[in-house]
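Trainee: I would like to learn how to read a model like this one. Can we take it feature by feature?

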Amino acid sequence: MTGLRLFAHGCLYQYRALFNWATPLGYASSKLLVPVFQVVFFVQLGVFATGGGDPTYFAIGNAMQVTALNGIFGVVMTVGNERQFGTLPLLLASPASRLATFLGRSAFHVVDGIISVVIAFAVAQLLFGLRLAHADLPLLAASVVAVALSTCGIGLLLGSCSLVSRDILLVANLVYFLFLVVAGVNFPVTRLPGALQVVSRGLPMSRGIAAARLAVAGAPASRALPLLGQELLVGAAYAAAGYLLFRVLEGWARRGGLQEAF
Amino acid sequence: MSVWRVIRRTWLIQLRLRVAFPISYFQVLLQPLVFGGIGLLLYSAGGRSAHLAFAVIGGGLVGLWSVTLFNAGFDIQAERWAGTLEQLMGCPTPLAAVIVGKIASSLCLGLASLAANLAVGWVFFPHLFHRIDAIPFAISGALTLLAFFAISLVIAPLFAWTRTAGALANGMETPAYLLGGFMFPVAILAGWVQPLAGLFAPSWTVRALYAAAGESASRPDYPLWWGLGLAGTAVYLALSAGLFHLLETRARRSGRIGFA
């Protein structure tokens, strides 16, 4: 099987496997209720807490942050479930390209994450009158794609960690909520203590959200594009670290026969 | 074995199991502190420090709900996955007694979550506690716990019918923050949402809780709010009794309780 075919099949089947066990109700619950209500809750909280602040600020931040549902939880489960469901030894025994297999774990989640953001933006527009009149829509779309890619990058790293940890969902939850605090979702990163600002700079998402806010405000692309470049670099660094870790763990598991050991 | 002993032993064993489960610490301590922290930053940034109680108490309520929802949602599912649900159904002790014990252990953790957030608030914002009207606050807190207990007893048998319990629990988490008025008053929500919030019993007891903490725009009407909260709780308990009966009857007839 060629690398490209393997990649395409991997993308499709792993996504179907993740949701195939679910009823339409379960899928809709994950796909619609979670992102929609996250946006509604934080916009209401933000507007009330700031005494009638601009809902657009909170709507953009939270709509972008829902990509982490796919990028973190989706990707981590897709990689981690191989061990959970006993298919990891089969995967490791196959001669398939590891890079295609590994990246195939995340590709569909990039697309799915983008769809989640579109749904979240639509809800924000419908309920809170998100102002997009001056928005640079192609730039906004580029920001959404960049954040979806970069969060999948960190998801791949965490997914690799899930091959040796049984508490990876705890870590995934931590990272998801860490984004809410440090990524400039509900308030500017500059309002955080210095140490948390450093953490924010080392994680994906904050630059992408900042770029999305610039795009919605109709700022020149020259201000947002460097942020998007940095966002993609950070995501690529996490994905590369995840792949490296995956290969190291694979070698370790092969030598010790520990593919399914917790 | 008496029903009370079953409840007590289940409570103890389940509490030990939950304490040993790492994600419990996330639900009990970290998630409430994150929400409380976001609330504190937003309320103080907006120059509305007078409303910080919404962040301090609200974070704890978020933790309480998260623990209640997810544990109740998985209590029966976990027995199914462990292959012990058939034995539980087959023994003469009512399944509801076992679930009550499990839910009681969840509420203990939820209470710890609320206490942790209040303790943090007490250290950093002691002035918020000076304006608390202690007796209504304690009564409202107790009624809130009772309402959560009753909701758990509805969720547990309801989720036992589906294998997508996890996805449903995920979807139900945030709507309760809105309908319950955990971190801001329900009154700011759209008019069509208000009746829905009224059907959610904790929204009345949480309203009373915040009024007792000095967060009420109007004169508190505790008897009405407590009464409506209790009425909702009673409805949940009646609904739960029906659901448990239905679950047991259908399981015994079909013999497929292990395969939702």
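Mentor: Start with helix H3 of chain A, residues 55-65, in this predicted model. To judge cover, count the C-beta atoms within 10 Å of a residue's own; 20 or more makes it buried. By that count, ten of the eleven residues of H3(A) are buried.

Trainee: Which residues of H3(A) are buried?

Mentor: They are Pro55(A), Tyr57(A), Phe58(A), Ala59(A), Ile60(A), Gly61(A), Asn62(A), Ala63(A), Met64(A) and Gln65(A).

Trainee: What covers the buried residues of H3(A)?

Mentor: Look for contacts from other elements. The cover includes H2, helix H4 (67-84) and helix H6 (98-128) of chain A. It also includes helix H7 (137-161), helix H8 (168-182) and helix H10 (206-217) of chain A.

Trainee: H2(A) is part of that cover. How many of the residues of H2(A) are buried?

Mentor: H2(A) is mostly covered too, with 19 of its 26 residues buried.

Trainee: Where does H2(A) have a kink?

Mentor: Look at Leu33(A), where a kink of about 30° lies. Then check the backbone just past the helix: Gly51(A) has a positive phi of about 65°.

Trainee: Now the nonpolar core. Which residues touch the most other members of the largest one?

Mentor: Val39(A) and Ala63(A) do, in a core of 146 residues. H7(A) gives the most to this core, with 15 residues.

Trainee: What is Val39(A) in contact with, beyond its neighbours within four places in sequence?

Mentor: Setting those neighbours aside, Val39(A) is in contact with Ala59(A), Asn62(A) and Ala63(A), as well as Ala120(A), Val123(A) and Ala124(A).

Trainee: Step back to the whole chain. How many helices and strands are there in chain A?

Mentor: Chain A has eleven helices and zero strands. For 262 residues a compact globule would have a radius near 18 Å; chain A has 19 Å, so it agrees. Along the principal axes, its C-alpha atoms fill a box of roughly 60 × 40 × 35 Å. Of its 262 residues, 50% count as buried.

Trainee: How do I read the contacts of chain A by separation in sequence?

Mentor: Take contacts between residues at least 6 apart in sequence. In chain A, 81% of them join residues at least 24 apart.

Trainee: And how many helices and strands has chain B?

Mentor: Eleven helices and zero strands. With 260 residues, a compact globule would have a radius of gyration near 18 Å; chain B has 19 Å, so it agrees. Its C-alpha trace spans about 60 × 35 × 35 Å along the principal axes. Of its 260 residues, 48% count as buried.

Trainee: How many residues does each chain give to the contact between them?

Mentor: The contact takes 31 residues from chain B and 32 residues from chain A. On the side of chain B, the elements that give two or more residues are helix H2 (22-45) and helix H8 (165-179). H2(B) has the largest share, 13 residues. By class, that side has 19 nonpolar, ten polar and two charged residues.

Trainee: One last residue. Where is Ala53(B) placed, and what does it touch?

Mentor: Ala53(B) is in helix H3 of chain B, residues 53-82. It has 22 C-beta neighbours inside 10 Å, so it counts as buried. Not counting residues up to four places away in sequence, Ala53(B) touches Leu128(B), Tyr210(B), Ala213(B), Gly214(B) and Glu215(B).

Methods: Residues are numbered from 1 along each chain as its sequence is written. Chains are lettered from A and ligands numbered from 1 in the order in which they are written. This is a predicted model: local features need pLDDT of at least 70, side-chain atom pairs count only at pLDDT 80 or more; totals for chains, interfaces and linings use all residues. The bend at a residue is the angle between axes fitted to the seven residues ending there and the seven starting there. Helices (H or I, at least four residues) and strands (E, at least two) are DSSP runs, numbered from the N terminus. A residue is buried if 20 or more other C-beta atoms lie within 10 Å of its own, exposed if 12 or fewer, and partly exposed in between; C-beta atoms are placed from the backbone. The radius of gyration is taken over C-alpha atoms; the globule rule is 2.2 Å times the number of residues to the power 0.38. Two residues are in contact if their C-beta atoms, placed from the backbone, lie within 7 Å. Ala, Val, Leu, Ile, Met, Phe, Trp, Tyr, Cys and Pro count as nonpolar, Asp, Glu, Lys and Arg as charged, and the others, Gly among them, as polar. A nonpolar core is a set of buried Ala, Val, Leu, Ile, Met, Phe, Trp, Tyr and Cys residues joined through C-beta atoms within 7 Å.
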